[in-house]
Amino acid sequence: MSAQLNPQRAPKAQTSLGESAYRWEPVYVDPLIVGFPAPQLSGQGTATVFFQGSYSSYVRATQVPPWLDLDVTVALSHQPAQIEAKEFIRCLAESLCLEHPAISTYEGIFGGAPHIKGVRLSVGDVLSELYLLGSVDAVAQTYSVDKEQVKEAIAYAQDFLESAVSS
Amino acid sequence: MPKTFLSRLFPHDLKLIVDYNLNPAAIDGLNKLGSVKAKRTTDYGFSQGADDKDLVYNKDRAVLLTGDFESIDEITYPPCQHEGIILLREKRASPEKIVSCLKAFCQSGHRKKTSHNVIHLWEKKAIIHKHDKEVEEVQL
């Protein structure tokens, strides 16, 4: 899905850099980044909206109406590229959990790094142990998890890598 | 606990709580080091999915050994607010490598510095974050 934000109809904005920094260029909303399916883009919610063409700046919409070409209240902020990159990766990690329900980004474990749901075993750990032990069975046995959970972690890693590279 | 003559002569074992994501085969090797008593998080009664902070501030007064140095560090968990944290910085560490890192550290004479500090541990060196943001780098 790609949604255009109408510059004339999006007047409400708060910006830490003043109105001069307030520029409305075509933006798009990636449903993967948004983190919930497009039909639910209504009422209260949080969405990360990227300027088209680069991730150098982004706006975070705090109130999302049914369609993004209607009025939308946004908080516009310019942050260092490193923080933005982290935010992008975090959003991507969270959104991929919708496709891989066995994986979680619950913040209490590993500070929100993707891990097998309910287990202190991150996706990175799964790959690391797969490298060391050589098989899915061995990893599952060593950490008392299901084979399917291990496979899901591998699939998640692939999707994450492909999404990050293609973005 | 105040230090006595006997406690100085016979130092306490290093009580470790080994994070669930480290290979459990390493625990046997750690316990064979002699001065280390290591148990997995689940052996201390924690669930497989225990929170970071529950492990750091464990009531068993054990030093946490973890490979998760991205979210657990001296900034999130400053020294002196917990029993101690050892962050294993070697990637894809096999059980043997985990044991060799700890062995090198214990034999280097810096073992007692684990108490209440945050230690980044490699195979050949360690960086110890102490109270008041004091940092000490030691070669192993």
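Student: What share of the 167 residues of chain A count as buried?

Tutor: In chain A, which has 167 residues, 44% count as buried, where buried means under 20% relative accessible area, exposed means over 50%, and partly exposed lies in between, with a 1.4 Å probe and protein chains only as cover. This is a predicted model, in which local features need pLDDT of at least 70 and side-chain atom pairs count only at pLDDT 80 or more, while totals for chains, interfaces and linings use all residues. Residues are numbered from 1 along each chain as its sequence is written, chains are lettered from A and ligands numbered from 1 in the order in which they are written, and side-chain values use heavy atoms, with hydrogens and water left out.

Student: How many helices and strands are there in chain A?

Tutor: Chain A has five helices and seven strands, which follow one another from the N terminus as β-β-α-β-β-β-α-β-β-α-α-α. Helices (H or I, at least four residues) and strands (E, at least two) are DSSP runs, numbered from the N terminus.

Student: What makes Arg90(A) and Glu87(A) a salt bridge?

Tutor: The closest N and O atoms of Arg90(A) and Glu87(A) are 3.0 Å apart, and a salt bridge is a side-chain nitrogen of Lys or Arg within 4 Å of a carboxyl oxygen of Asp or Glu, so the pair qualifies. Because the two residues stand three apart in helix H2 of chain A, about one helical turn separates Arg90(A) from Glu87(A). Arg90(A), at 31% relative accessible area, is therefore called partly exposed, whereas Glu87(A), at 17%, counts as buried.

Student: Which side chain does Asp52(B) meet in a salt bridge?

Tutor: Asp52(B) meets Arg120(A), with 2.7 Å from N to O. This pair crosses between chains, from helix H3 (residues 52-56) of chain B, where Asp52(B) sits, to the loop between strand E7 (115-116) and H3 of chain A, which holds Arg120(A). Both Asp52(B) and Arg120(A) are buried.

Student: Why does Arg61(B) count as exposed?

Tutor: Arg61(B) has 52% relative accessibility, and so counts as exposed, while its salt-bridge partner Glu83(B), at 18%, counts as buried. Their side chains meet at 3.7 Å, N to O. A search of the whole structure finds 13 salt bridges over all chains, and Lys113(B), Lys130(B), Glu134(B) and Glu136(B) are linked in a network of them.

Student: How much space lies in the largest pocket?

Tutor: About 1,500 Å³ lies there. On a 1 Å grid over the protein atoms alone, a pocket is an open set of points where a 1.4 Å probe fits, with protein on both sides within 12 Å along at least five of seven lines, and lining residues have an atom within 4 Å of a point. The lining has 38 residues, and those closest to the centre of the pocket are Ala113(A), Pro114(A), Ser122(A), Asp68(B) and Glu70(B). H3(A) gives the most to this lining, with seven residues.

Student: What makes Tyr131(A), Leu132(A) and Leu133(A) a nonpolar surface patch?

Tutor: These three residues make a nonpolar patch of about 290 Å², and such patches are made of residues with over 30% relative accessible area and no salt bridge, with nonpolar side chains (Val, Leu, Ile, Met, Phe, Trp, Tyr) joined within 5 Å and like charges within 9 Å. Leu132(A), in helix H3 of chain A, has 32% relative accessibility and therefore counts as partly exposed.

Definitions and conventions:
Points joined across faces, edges and corners; volume = space filled by probe spheres on them. Areas by Shrake-Rupley, 256 points an atom, 1.4 Å probe, with all protein chains shown as cover.
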